[in-house]
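Try each task before reading its solution.

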Amino acid sequence: MAATDDRTDTTKEKLEELERRRDEAAHQGSERSVERQRKQGKLLARERLEVLLDPGSFVELDRYVRHRNPYFDMMENRPYGDAVVTGYGTIFGRKVFVFSQDFTIFGGSLSEAFAEKICKVMDLALKYGCPLIGINDSGGARIQEGVVSLAGYAEIFWRNVQSSGVIPQVSLIMGPCAGGAVYSPVMTDFVFMVEDSSYMFITGPDVVKTVTGEEVTFEELGGAATHASKSGVAHFVAADEQACLEDARYLLSFLPQNNLDPAPFFEPSDPPGREDPELDTLIPDAPTKPYDMRDVIRRVFDDGEFLEVHQRWAENIVCGFARLGGHPVGVVGNQPHALAGVLDIDSSVKAARFVRTCDAFNIPLVTFVDVPGFLPGTDQEWRGIIRHGAKLLYAYCEATVPKLAVITRKAYGGAYDVMSSKHIRADFNFAWPTAEVAVMGPEGAVNIVFRKELDESDDPEARREELIADYRGRFANPYVAAERGYVDDVIAPRKTRPVLIDALETAMTKREPRPDRKHGNIPL
């Protein structure tokens, strides 16, 4: 009996020790650092995971890991878990792996142990084919660990590349992200930022001032608004952390678990056969008058829902996710409201990246075409519009997912070819009666083709108008392309949704062989 009591007492002591360690491991930084985080309107590391993941689903890993740095009296302060919380949980019932950096402990700085924890969940995510979500809130490398912390960053970078195109990788920037630390998020598939509280830059304002003499604020240099509208680094911007975490959950609803799984299907409540008569009158009679391509998108896809990517950057093209008959699709559309929908450097890069992301994760593409061409000018030419425009062409040519296209109005010149044309192996191409498929617009074509005749005419303006009207009648319509099979059908705009759903369901079994090669050489 005594032996049993001894075993009971020993077990009780071990359980008490376990509870003590668990309590200590769950402890955030000092009260001062926690209060500072609260005053900035920021959640704590574990609170962020509670909002991101399904309730009660989080399983923590490596909660007892501690740093091993013997320098600068660091051994006197070795909190459990170091400065990052790692583990896994579910979003809408689907497994994801996560890490959340803790700014209240050592400023969220990366140590050897910190990096090892992140690398472990990255390896597990790749091994089990699950999305990886990283919440970044860090002051950068832990100076006291020197080159060891730099090695930790490089190990993370290497895993970002190995996972690219295999599992979805999502980065949430919820504080500072500077120096080498920015390269991991930017190599992931999507970057979220929060207004007024998250920053990304290679060097901070003080260094910029020392080196270049420029005076710039944190927000101007690397805030959410800057990266959403100027650099294109941020795909999504939220007003606060709660909204950011909810947006990340919504994004995951469109993405598959990995590159071998189909994108998640949701039974639609929006009837597949629904027509929208207002589409018939949406295109203005004047060919130069703009309209909002988002109006077309919302009227075609399930329940009018559209998650736009890079909404504030390169606004002359629209990219985002929607559902068509319950199937997630990637949507690309020229935007007549901005620069008349022309393709320039930024819009080409934006759309190319999006097309390649969709192709990597088996998400079909639907393209709405209203493009007058590429943006002319010395600035674009000198900055490499040829090279950057080719990125979009390459992306569409490379993509093997189902590709559907609708020409709503203009499809001129080389831009017609680039925007998912039949010639670069789009599966189904449709046109509205308002479509104009030609080498260039009627005005420019007449001025070039009939230059001599106009110079010799007694009334060149009247003759020009006659020739323009004739050119428009002959070429500024979809029927010449349809006669050659470049357009599969000319459809009434109101029927766009049911036509696209039928085409998508037909193309879902698509199998397209790839050349036997290591990889192509996209014109970066």
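**Exercise 1. Find how many cavities of 30 Å³ or more the whole structure holds, and describe the lining of the largest cavity.**

Step 1. Searching the whole structure gives four cavities of 30 Å³ or more. On a 1 Å grid over the protein atoms alone, a cavity is a set of points where a 1.4 Å probe fits but cannot get out, and lining residues have an atom within 4 Å of a point. A volume is the space filled by probe spheres set on the points, which are joined across faces, edges and corners.

Step 2. This is a predicted model, where local features need pLDDT of at least 70, side-chain atom pairs count only at pLDDT 80 or more, and totals for chains, interfaces and linings use all residues. Residues are numbered from 1 along each chain as its sequence is written, and side-chain values use heavy atoms, with hydrogens and water left out.

Step 3. The largest cavity has a volume of about 200 Å³. Its lining has 22 residues, and Phe99, Gln101, Asn136, Ser184 and Pro185 lie nearest the centre.

Step 4. Strand S4 (132–136) is one of the elements that each supply at least two lining residues; with four residues, S4 gives the largest share. Helices (H or I, at least four residues) and strands (E, at least two) are DSSP runs, numbered from the N terminus.

**Exercise 2. Sort the lining of the largest cavity by class.**

Solution. There are 13 nonpolar, nine polar and no charged residues. Ala, Val, Leu, Ile, Met, Phe, Trp, Tyr, Cys and Pro count as nonpolar, Asp, Glu, Lys and Arg as charged, and the others, Gly among them, as polar.

How values were computed:
1 Å grid on protein atoms, 1.4 Å probe; cavity = no way out; pocket = protein on both sides within 12 Å on 5 of 7 lines; lining within 4 Å.
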